[in-house]
Amino acid sequence: MGQGVGSSDPPMSDMKHGFPKKRTIFSTVIFLVMTGVAGFCYGVLGRDNLLPSVMMVVQALMISFAKIDEKPLVLFLKVLAINVSMCVLESIVFMNMWAGIFIVFGVVFCGATLLYRDRGMQVYFPFLLCNIYMMVGTPLPITQIGGRLIAMVGGAVLVGLAQFASMKRMKGESKGIANFMKGFELDTKSIRFSFAFRLALGVTLMWFIVRFFDIEYGKWLVISVNSIVMPSIPKAKIKLRKRVLGCVIGVALFFIFHLLIHPIAIWLLILAAASWCSIFFMNIYEVKCVCYSILSLSAIAFSEPTGMGFVIDRPLFVIIGGCVAMLINMFILRRDEDEAEPL
């Protein structure tokens, strides 16, 4: 859900039986909200809109955490414009691969440019991840995006409500903490430009390869590039190691569960636990990757129970995508956030 690779320890006064009480309550509430959203979207909007809809909740959470100084109505309109634009443009990408090269690059570059912050929580991530789910995970022609547009509007409403609640909490605190969107007055030598260009190039390249060769589960390649191309190259190296480690452990656990556990009720309990842990341990990246691997592989196993080849694809694609991302980080317009101040 975020770009962080470290963890933050809660105050000891908030601990109960070894778990931070507030974070436990928060994780449970968010888990219930996401489960409700997923269930509603699956039943009403269809399976193709499930993951983009869940990302709407993530958008609202990350914007709330980022403490953006923006009026709720204005923020709602901005997010609505971004989400609807992404939805329509990715339908065009679905219909025309060659036009898609320019559209994918433009969407990612503009998204990273407008939403990049000078360090701290990066709110561009859930928007671009939602974009990837729409263009690679479950692409739809423009004639079938009605349900997805409903999800995009609902996501903007969630963001507006989250911002309203956040500003209520921030009363009396210093504001002006972050602007939601930056302008396009870019210095081509700045970290912002370098990062946005590298990310757009990496995502576009991997998307084109997946689309041209029709690679099954290719979204894992694109998502890995989207996750590992970062403004900070040292942090990207750490994140890649943690991502690979978490993926391998998650795949191993899934394989063990698949061999030993058959009753569907127990599987559902495992998936519920993995979902909750991914929220509770949101600041421990490798744990999140373990949980996400179990969840993504389980989703495929339930829908396509005849083969297990996809289990190998998961770590393979994570490693390939991560290595491509690191090559782009190191050799394309390299300008490291840890070595220089943004211009």
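The following legends describe an overall view and several close-up views of a predicted model.

**Figure 1. Overall architecture of the predicted chain.** The chain has 12 helices and two strands (DSSP runs numbered from the N terminus, H or I of at least four residues for helices and E of at least two for strands). From the N terminus on, the elements run β-β-α-α-α-α-α-α-α-α-α-α-α-α. Of the 343 residues, 48% count as buried (buried means under 20% relative accessible area, exposed over 50%, and partly exposed in between, with a 1.4 Å probe and protein chains only). The accessible surface comes to about 16,000 Å², of which 70% belongs to carbon and sulfur atoms (Shrake-Rupley method, 1.4 Å probe; for residues, only the protein chains shown count as cover). Among contacts (heavy atoms within 4.5 Å) between residues at least 6 apart in sequence, 79% join residues at least 24 apart.

**Figure 2. Packing of helices H11 and H12.** Helix H11 (residues 285-303) packs against helix H12 (residues 310-331) at an angle of about 145 degrees, and their axes are 10 Å apart (axes are lines fitted to C-alpha atoms over the stretch in contact, and angles run from 0 to 180 degrees between N-to-C directions). On the H11 side, Tyr292, Ser293, Ser296, Leu297, Ile300 and Ala301 take part; their partners in H12 are Phe310, Val311 and Arg314.

**Figure 3. The salt bridge between Glu70 and Lys78.** The structure holds two salt bridges (a side-chain nitrogen of Lys or Arg within 4 Å of a carboxyl oxygen of Asp or Glu). In the pair shown here, the side chains of Glu70 and Lys78 meet at 2.8 Å, N to O. Glu70 counts as buried because its relative accessibility is 16%, whereas Lys78, at 25%, counts as partly exposed.

**Figure 4. The salt bridge between Lys242 and Glu286.** The side chains of Lys242 and Glu286 meet at 3.8 Å, N to O. This pair links distant parts of the chain, with Lys242 in helix H9 and Glu286 in helix H11, 44 residues apart. Glu286 has a relative accessible area of 22% and is therefore partly exposed.

**Figure 5. A nonpolar surface patch that includes Leu245.** Leu245, Ile249, Leu253, Phe255, Ile256, Leu259 and Leu260 make a nonpolar patch of about 640 Å² (patch residues have over 30% relative accessible area and no salt bridge; like charges are joined within 9 Å, and nonpolar side chains, namely Val, Leu, Ile, Met, Phe, Trp and Tyr, within 5 Å). Leu245 lies in helix H9 (residues 233-260). Its relative accessibility is 47%, so Leu245 counts as partly exposed.

**Notes.** Residues are numbered from 1 along each chain as its sequence is written, and side-chain values use heavy atoms, with hydrogens and water left out. In this predicted model, local features need pLDDT of at least 70 and side-chain atom pairs count only at pLDDT 80 or more, while totals for chains, interfaces and linings use all residues.
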